[in-house]
Amino acid sequence: MEHRQLDNFPKDFLWGSASAAYQVEGAWQEDGKGVSVWDDFVRIPGKTFKETTGDVAVDHYHRYKEDIALMKEQGLKAYRFSVAWTRIFSEGKGKVNQSGLQFYIDLVDELIRSGIEPVLTIYHWDLPKALQEEYGGWESRKIIEDFTRYAEVLFETFRGKVHYWVSLNEQNIFIQHGYLLGTHPPAVQDMKRMYQANHHANLANASVIKLFHELQMPGKIGPSFAYGPNYSFNCDPNNVLAAEDAEELEANFWMDVYVNGEYPLVAWKYLKDNGLAPETLPEDTQLLKSGKPDFMGMNYYQTNTMAFNPLDGVSLGKQNTTGEKGTSEESGRPGIYKRKENPFVERTNWDWEIDPTGLRIGMRRIASRYRMPILITENGLGEYDTLTDKGTIHDDYRIDYLRQHIQAINEAISDGVTVLGYCTWSYTDLLSWLNGYQKRYGFVYVDQDETQNGTLKRYKKDSYYWYQDVIKSNGEKL
């Protein structure tokens, strides 16, 4: 629908930005921090672009005050960050590492002093290596207790200071990349194991949210889901059905469990018929239903355009992790769907589709299906940036991208969607997991090249000043 006039953004709207511990902190062996699965994984030749690691990352661990000062100057209302589990429990459990915990106490206190709302992500992929080796990490029910105890320490520490919590970040991504594509740790390609690990992650997520509510924590908690709404390639009913199937298996399969504690019927029947359904216990349903979130976190980057894929059709295709446009391959699930290029949208150099309207569509689908507020926990453009001789970075392409997506959020609000805030990805440039350091997302340029050489000096991009004006005007000045 086209509105004659758009509603205003709420006065308390959280204009924010985001990061993740492994991607920014560095200091990977300091102050009692244990080893995570990512600390190990990046040392396997060929796993990341140009063998890049997060050993130093952008040194946020030592420069957090400098980074927060830049946030304060910009007028940022919220900063979403993640806690590294291995800083709190070096082995994933046991005795609390007070030195590691103190870093986050200092970080949160500095944010509060600067007038910035902390948004704390409990888990952003950096599982303790010790738990992976002891019992297979997410493949064991033992992780539910260990993850809940870890979260409890954070709840006790930050009660009254942190009011927005993200339980799991992009469960659909770390599970599928870790157990289907084999491109993230533990680098497994086994669908049966994937769905079992995913079920345990669902239980752990519900356990933590249940505890949050039992402790009567002041604030809100919810998972952060990587949602790419699915379109049909055209009006062919077979393609429409393929898009519906993709929505069931790639979106509702996670969000239905988060909110309703139940797997969607079509998806569950598919898993059972194909011998992929996870083993469950009678008490699982009760736990899943007791962990209803207060909001749905939404990480949005692109949509997916689907067509029917026959049983002898395409399967997993190669991803573009190099920034060479057009190098990603067609992929899909035989007998269900395959992804096609959408002829109506542009793409980034990493072949991610740029579709602001898809954000509005996704928000409306979530709001209508689940009737709960949405917090945009990630949205941003990863691209090449150039530092000029004068120390400036002219990233008009990023400004244009963010402007269009904020406009889409405003339209969704005008449609009736309740939106708590918008956290761009990311605040500073950072390690982009498999893509290394050449793929930049931040408002703040970090002098760190693709081979991990540089001064780590911070420079404000043009987008930094643009977002400063957006925040100051509460979204009226785009």
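Predicted model: local features only at pLDDT ≥ 70, side-chain atom pairs only at ≥ 80, totals over all residues.
Hi everyone, let me start with what I mean by a salt bridge: a side-chain nitrogen of Lys or Arg within 4 Å of a carboxyl oxygen of Asp or Glu.

Take Lys 289 and Glu 262, whose closest N and O atoms are 3.0 Å apart. Lys 289 sits in helix α12, while Glu 262 is in the loop between α10 and α11, so the bridge ties together parts 27 residues apart in sequence. Lys 289 is partly exposed at 41% relative accessibility, and Glu 262 is partly exposed too, at 43%.

Next, Glu 353 pairs with Arg 339, with 4.0 Å between the closest N and O atoms. Here strand β12 holds Glu 353 and strand β10 holds Arg 339, so parts 14 residues apart are tied together. Is Glu 353 buried or exposed? At 3% relative accessibility, Glu 353 counts as buried, whereas Arg 339, at 25%, counts as partly exposed.

There is also a network of salt bridges, linking Asp 385, Asp 395, Arg 398, Asp 429, Arg 440 and Lys 461.

Now to helix α5. Lys 161 forms a salt bridge with Asp 109, the closest N and O atoms being 2.8 Å apart. That pair links distant parts of the chain, with Lys 161 in the loop between α7 and β4 and Asp 109 in α5, 52 residues away.

The 16 residues of α5 should span 22 Å, and the end C-alpha atoms are 22 Å apart, which agrees. Its buried residues include Phe 103, Tyr 104 and Leu 107; the buried residues of α5 pack against elements including α1, α3 and β3. Just after α5, Gly 115 takes a positive phi of about 75°. Thanks, everyone!

Terms used: Residues numbered from 1 in each chain as written. Heavy atoms only, no water. Helix = DSSP H or I, 4+ residues; strand = E, 2+ residues; numbered from the N terminus. Expected span 1.5 Å × (residues − 1). Buried < 20%, exposed > 50% of the residue type's maximum accessible area, 1.4 Å probe, protein only. Contact = heavy atoms within 4.5 Å.
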